[in-house]
Amino acid sequence: MSSIPSKMKAILVNKNGGADVLEYTDSHPVPSLSDGQVLVKNHFAGVNYIDTYFRTGLYPAPAGFPMIIGQEASGTVAKIEGSSEYGFKEGDRVVWIARGGYAEYTAVPEKSVVKIPDGVSDEDAVGGFLMGMTALSLVKEAYPVKKGETVLVHAAAGGMGLLLCQILRDMGVTVIGTAGGPEKCALAKENGATHVIDYKSTDGPSWVEQVLKITDGKGVDCTYDGVGKDTYEGDLEVAARKSKVVYFGNASGAIPPFNIARLSAKNISIMRSTLMQYIVTREELEFYANGVLDLLKSKKLNIKIHKVYPLKDAVQAHKDLEGRKTTGKLLLEL
Ligand SMILES: NC(=O)c1ccc[n+]([C@@H]2O[C@H](COP(=O)([O-])OP(=O)(O)OC[C@H]3O[C@@H](n4cnc5c(N)ncnc54)[C@H](OP(=O)(O)O)[C@@H]3O)[C@@H](O)[C@H]2O)c1
């Protein structure tokens, strides 16, 4: 095994703020291992919208500052101390979900690491890992969608959106996808959306009116909404009687408190879903991780990589993501 240096490249967040608070360094100490951890030499880190929430302070820094954001990466096992509970050995190709991904090396709890099967690239493994598991958890547990139902997916050309469209199409679901602009709408359609609505367009009927028209006034069986503040109210208007709205993110800002009496108009259920609460045990993580890796291996899930940015360009990656300039997945190369 190649020797492990004492310093590494990383992106540090020393205070909350805009994308410019992301600071590149090439001399951060390589982390030492605690019990139950393995050291992973990361090749690609996934960029997720949640990284921006930790950066801005919408979600508090879990262990104070400086903070290394990034919830997932793919790479190789560089070091294991003692025996490995899950059978890892140095040199294994792995993908993980934890904290501290915007760095060359991460000390990751072994229970959060999964081997990448042959036939799946490092880019696809991490490109589809957190988001693919989230998409599966949304359609299997948050609202177990059934063949023949009609669902609404917001930001359908985004990282999450493209995966949801593909997975729902393959389940025989009618997908209404919203996206900002004609190019994004076309991409959502290519990836499985049955109907697309440009919710940024100011001409013609609103997206709410269009969803009601497509569903003959009945509304949708479920909405998966990662946009949040700008769409949460419309979701209640397009919800069918006895349907569910699953909120899972805040791309446009956090949803403010609202009166649950509004749900009684149509016996609507709402939930706020997070992947992390579906992968608490090793068994749960393996269920979703293997679900995604199997789909990748069998080429049933296509990962659209928007761009691979060098680590030092993390600022630009965040600006592009928050500026609604991206489609699909953003990666950082270490
Ligand atoms: N709960 C979970 O476990 C979980 C896990 C993964 C992701 N998520 C959530 O899923 C959502 C999507 O994440 P992602 O990483 O795949 O991002 P993304 O969808 O690739 O990017 C966000 C998209 O949201 C749309 N958007 C609408 N209003 C926006 C605004 N005011 N500012 C910025 N974007 C806006 C934009 O698409 P248009 O231009 O088409 O509107 C933008 O491209 C996020 O809310 C994220 O937090 C949640």
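**Note on the predicted model: ligand site, helices and salt bridges**

1. The model is predicted.

2. Gly159 places a backbone N or O atom 2.9 Å from a ligand oxygen. Met160 does likewise, also at 2.9 Å from an oxygen atom of the ligand. For Ala251, a backbone N or O atom lies 3.2 Å from a ligand nitrogen. On its own the ligand has 910 Å² of accessible area, and the protein covers 91% of that.

3. The unreviewed UniProt entry annotates residues 17–332 as "domain: Enoyl reductase (ER)". Over this range the chain is 28% helix and 27% strand. The end C-alpha atoms of the range are 20 Å apart.

4. Helix H1. This helix spans residues 49–56, and its buried residues are Asp51, Thr52, Tyr53, Phe54 and Arg55. Cover for the buried residues of H1 includes strand S2 (22–29), strand S3 (37–47) and helix H9 (314–322). Just after H1, Gly57 takes a positive phi of about 100°.

5. Helix H3. Is helix H3 largely enclosed, or open? It is largely enclosed by the rest of the structure, because twelve of its 14 residues (129–142) are buried. The buried set includes the run from Phe129 to Val139, plus Ala142.

6. Salt bridge Asp20–Lys319. The whole structure holds 14 salt bridges. One of them pairs Asp20 with Lys319, with the closest N and O atoms 3.3 Å apart. Asp20 sits in the loop between strand S1 (7–13) and S2, and Lys319 in helix H9, so the pair ties together parts 299 residues apart in sequence. Asp20 is exposed at 58% relative accessibility. Lys319 is partly exposed at 37%.

7. Salt bridge Lys115–Asp92. The closest N and O atoms are 3.8 Å apart. This pair links distant parts of the chain, 23 residues apart: Lys115 is in strand S7 (residues 113–115), and Asp92 is in the loop between strand S4 (72–80) and strand S5 (93–97). Asp92 is buried, with a relative accessible area of 9%. Lys115 is partly exposed at 38%.

8. The side chains of Asp313 and Lys312 meet at 3.9 Å, N to O. Asp313 is partly exposed at 29% relative accessibility, while Lys312 is exposed at 53%. Elsewhere, salt bridges with shared partners join Lys89, Asp92 and Lys115 into one network.

Technical notes. Residues are numbered from 1 along each chain as its sequence is written. This is a predicted model: local features need pLDDT of at least 70, side-chain atom pairs count only at pLDDT 80 or more; totals for chains, interfaces and linings use all residues. Side-chain values use heavy atoms; hydrogens and water are left out. Buried means under 20% relative accessible area, exposed over 50%, partly exposed in between (1.4 Å probe, protein chains only). Helices (H or I, at least four residues) and strands (E, at least two) are DSSP runs, numbered from the N terminus. Contact means heavy atoms within 4.5 Å. UniProt positions are given in the numbering used here, feature names are shortened, and annotations may be inferred rather than shown by experiment. A polar contact is a pair of N or O atoms within 3.5 Å; within protein, one must be able to donate a hydrogen and the other to accept it, and residues adjacent in sequence count only if both atoms are side-chain atoms. Accessible areas come from the Shrake-Rupley method with a 1.4 Å probe; for residues, only the protein chains shown count as cover. A salt bridge is a side-chain nitrogen of Lys or Arg within 4 Å of a carboxyl oxygen of Asp or Glu.
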